[in-house]
Amino acid sequence: MLSMHRIDALDAEILLTLDRDPQATVLSLSRALGVARNTVHARLRRLVNDGSLAPFSQRVRTEALGLPLIAFISISISQSASDEATAALRTVPEIIEMHATTGDADLLAKVAARDPADLHRVTNAMLAIAGVVRTSTAMSLVEVMPTRTLPLLEAVAHPG
């Protein structure tokens, strides 16, 4: 994993400005923020290169791909096959996010599917992976709050 630097107030201001105007040029960002164009360019390059900014593909809504159903699947895996099972689960395209967790299950996967029947297919594919012992699925009824970092960026940009 890349070593990320900590986002400071200027980085946060650049990102907040881009959030308001995603098509903003480096020149317009530098003018809006009152800093040198080279400073903005270097900051953006560093944010991209060190992994602080996620790839553009992570901004695509699954609904736009024909996968409107979101489910969260708790996965229990055999400890003797943990690495292999996790690697195999990474190959399932409908698993869009996965975390190792504490509690009853070992992993929590966020899955996108076309409909309940498609979710059933994906779940069965997961269960067919060597080392996956069991799953427990919770379907999302509606997204009441999407993933957000805006309030966190605002707090960094304007501390206190």
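A polar contact is a pair of N or O atoms within 3.5 Å; within protein, one must be able to donate a hydrogen and the other to accept it, and residues adjacent in sequence count only if both atoms are side-chain atoms. The model is predicted, so to speak of local features requires pLDDT of at least 70, and side-chain atom pairs count only at pLDDT 80 or more, while totals for chains, interfaces and linings use all residues. Residues are numbered from 1 along each chain as its sequence is written, and side-chain values use heavy atoms, with hydrogens and water left out.

Start with Ser52. Ser52 sits in the loop between helix H3 (37-49) and strand S1. Helices (H or I, at least four residues) and strands (E, at least two) are DSSP runs, numbered from the N terminus. Ser52 touches Met4, His5 and Leu47, leaving aside residues up to four places away in sequence. Contact here means heavy atoms within 4.5 Å.

Now the interior. In soluble globular proteins, nonpolar side chains tend to be buried together. A nonpolar core is a set of buried Ala, Val, Leu, Ile, Met, Phe, Trp, Tyr and Cys residues joined through side-chain atoms within 4.5 Å. Buried means under 20% relative accessible area, exposed over 50%, and partly exposed in between (1.4 Å probe, protein chains only). The largest nonpolar core has 18 residues, of which Ile75, Leu89, Ile95, Val111, Leu119 and Met126 touch the most other members. At least two residues of this core come from each of strand S1 (69-77), helix H4 (82-89), strand S3 (107-113) and helix H5 (116-127). S1 gives the most, with five residues.

Val111 shows how the pieces meet. Not counting residues up to four places away in sequence, Val111 touches Leu69, Ile70, Ala71, Ile73, Glu94, Ile95, Ile96, Leu119 and Val122. A second core is separate and has six residues, including Ala12, Leu15, Leu47 and Leu153.

Thr86 belongs to helix H4. Its relative accessible area is 14%, so Thr86 is buried. Apart from residues up to four places away in sequence, Thr86 touches Ile77, Met98 and Leu107.

Next come the charged pairs. A salt bridge is a side-chain nitrogen of Lys or Arg within 4 Å of a carboxyl oxygen of Asp or Glu. By this rule there are seven salt bridges. One joins the side chains of Arg46 and Asp11, at 3.2 Å from N to O. Arg46 lies in helix H3 and Asp11 in helix H1 (residues 9-20), so the pair ties together parts that are 35 residues apart in sequence. Arg46 counts as partly exposed because its relative accessibility is 32%. Asp11 counts as buried because its value is 0%. Asp8, Asp11, Arg43 and Arg46 are linked in a network of salt bridges.

Arg121 and Glu94 form another side-chain salt bridge, at 2.8 Å from N to O. This pair links distant parts of the chain: Arg121 is in helix H5, and Glu94 is in the loop between H4 and strand S2 (95-100), 27 residues apart. Glu94 has a relative accessible area of 14% and is therefore buried. Arg121, at 39% relative accessibility, counts as partly exposed.

Glu143 counts as partly exposed at 45% relative accessibility. Arg61, at 49%, also counts as partly exposed.

The loop between strand S4 (132-139) and helix H6 (150-157) also holds Leu141. Leu141 counts as exposed because its relative accessibility is 84%. Together with Val142, Val144 and Met145, Leu141 forms a nonpolar patch on the surface, with about 520 Å² of accessible area in total. Patches are made of residues with over 30% relative accessible area and no salt bridge: like charges are joined within 9 Å, nonpolar side chains (Val, Leu, Ile, Met, Phe, Trp, Tyr) within 5 Å. Accessible areas come from the Shrake-Rupley method with a 1.4 Å probe; for residues, only the protein chains shown count as cover.

Finish at Asp115, in the loop between S3 and H5. The side chain of Asp115 reaches the backbone nitrogen of Ala117 at 3.1 Å. A polar atom of this side chain also lies 2.8 Å from the backbone nitrogen of Asp118. Asp115 counts as partly exposed, at 33% relative accessibility.
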